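Please keep the sequence and the coordinates at hand while reading.

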Amino acid sequence: MKTLHSFFDGFLSLIYPDLCLVCEENIPTIKGILCTGCQYRLRETKFHLDRENEFTKRFWGRINIHAGAALYRFVKEGRAQSLIHSLKYDGKKEVGLKLGKSYGRSLLESPYFTKIDMIIPVPLHARKLQLRGYNQSALFAQGISEAMQIPWTDKVLVKPVNTTTQTKKSRVERFENVRHSFEIKSPDEIRNKHVLLVDDVLTTGATLEACAEKLVQVENTKVSLATIAIGSL
Ligand SMILES: [Zn+2]
């Protein structure tokens, strides 16, 4: 009976009418996320199966993280870029939720992303949140939370300082600026806990480092990181 059921589920997912999140063609998608062509061309990193990967190495000598991984490789003009773009600028909230759910299921198979107590998205400043209407990283967090059955919260890590208009600053100045723009509210929520901090894209890692730095200041807190994509430096 179980076999029949899962066969039927598989059949349903094959004919599921959702459009591919990347090309938006009305062709069959895998689990309502991507068509086979886009799935094939989007490069999954599989970093979650290897603890010493390109993602975690980017933080070596900077901050002590437990595990780190990104779902896709971010290539300029590539499919991961269009996914992130539609999530951030075209109001496609389901991209964050669906990718989060899918990645959450993958993380459950990893020996490194275990015993996570809380999922926390990189926060947006209130003004940016108001402009966009949502936090794209929070949607990704929500999807992961659903798949892993682990709570998420946007009430612990906040961003009271707006750092969006810093294009005229140097790289070092920007880094310093980012470092002091996050704050921890209610540290009791994460004391003695393993936190999964999530964001959309990892590039220099300045933002994730600044956030993680705040989180590990709370007594006996362990931090792991996950993003939708990793860009090259
Ligand atoms: Zn497609």
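T56 is placed in helix α3; helices (H or I, at least four residues) and strands (E, at least two) are DSSP runs, numbered from the N terminus. The model is a predicted one, in which local features need pLDDT of at least 70 and side-chain atom pairs count only at pLDDT 80 or more, while totals for chains, interfaces and linings use all residues. Residues are numbered from 1 along each chain as its sequence is written, and side-chain values use heavy atoms, with hydrogens and water left out.

With a relative accessibility of 7%, T56 counts as buried. In the terms used here, buried means under 20% relative accessible area, exposed means over 50%, and partly exposed lies in between (1.4 Å probe, protein chains only). Leaving aside residues up to four places away in sequence, T56 touches R51, I65, A67 and G68, where contact means heavy atoms within 4.5 Å.

The overall fold can be considered next. The protein has nine helices and eight strands. Its radius of gyration is 18 Å, close to the 17 Å that the globule rule gives for 233 residues, so the protein is as compact as a globular protein of that length. That radius is taken over C-alpha atoms, and the globule rule is 2.2 Å times the number of residues to the power 0.38. Along the principal axes, the C-alpha trace spans about 55 × 40 × 35 Å. Of the 233 residues, 45% count as buried. Among contacts with a separation of 6 or more, 73% are made by residues 24 or more positions apart. The accessible surface comes to about 12700 Å², and carbon and sulfur atoms hold 52% of this surface; the areas come from the Shrake-Rupley method with a 1.4 Å probe, and for residues only the protein chains shown count as cover.

Attention now turns to the metal site. Which residues coordinate the zinc ion? The zinc ion is coordinated by the SG atoms of C20, C23, C35 and C38, at 2.3 to 2.4 Å. Donors are N, O and S atoms within 2.8 Å of the metal (3.2 Å for Na, K and Ca), and since water is not among the atoms, sites may look incomplete. Along the chain, the donors of the zinc ion follow the spacing C-x2-C-x11-C-x2-C. C23 counts as partly exposed, at 29% relative accessibility, and C38 counts as buried, at 2%.

The site of the zinc ion is tetrahedral, with angles of 103 to 114° among its four donor atoms. Four donors count as tetrahedral if all angles lie between 85 and 135 degrees; four count as square planar and six as octahedral if opposite donors are over 155 degrees apart and all others between 65 and 115; anything else is irregular. The ideal angle at a metal with four tetrahedral donors is 109.5 degrees.

Helix α2 also holds Q39, which is partly exposed with a relative accessible area of 31%. Beyond residues up to four places away in sequence, Q39 touches I30, L34 and E44.

Two loop residues other than glycine have positive phi values. K46, in the loop between α2 and α3 (54–57), has phi near 60° and counts as partly exposed at 46% relative accessibility. E77 lies in the loop between β3 (68–74) and α4 (79–89); its phi is near 65°, and at 68% relative accessibility E77 counts as exposed.

S110 occupies the loop between α5 (93–108) and β4 (118–121) and is buried, with a relative accessible area of 3%. Its side chain reaches the backbone nitrogen of F113 at 3.5 Å. Y134, in the loop between α6 (126–132) and α7 (136–148), is buried with a relative accessible area of 9%. A polar atom of the Y134 side chain lies 2.5 Å from the backbone oxygen of L87.

Notes:
Polar contact = N/O pair within 3.5 Å; in protein donor to acceptor, adjacent residues only side chain to side chain.
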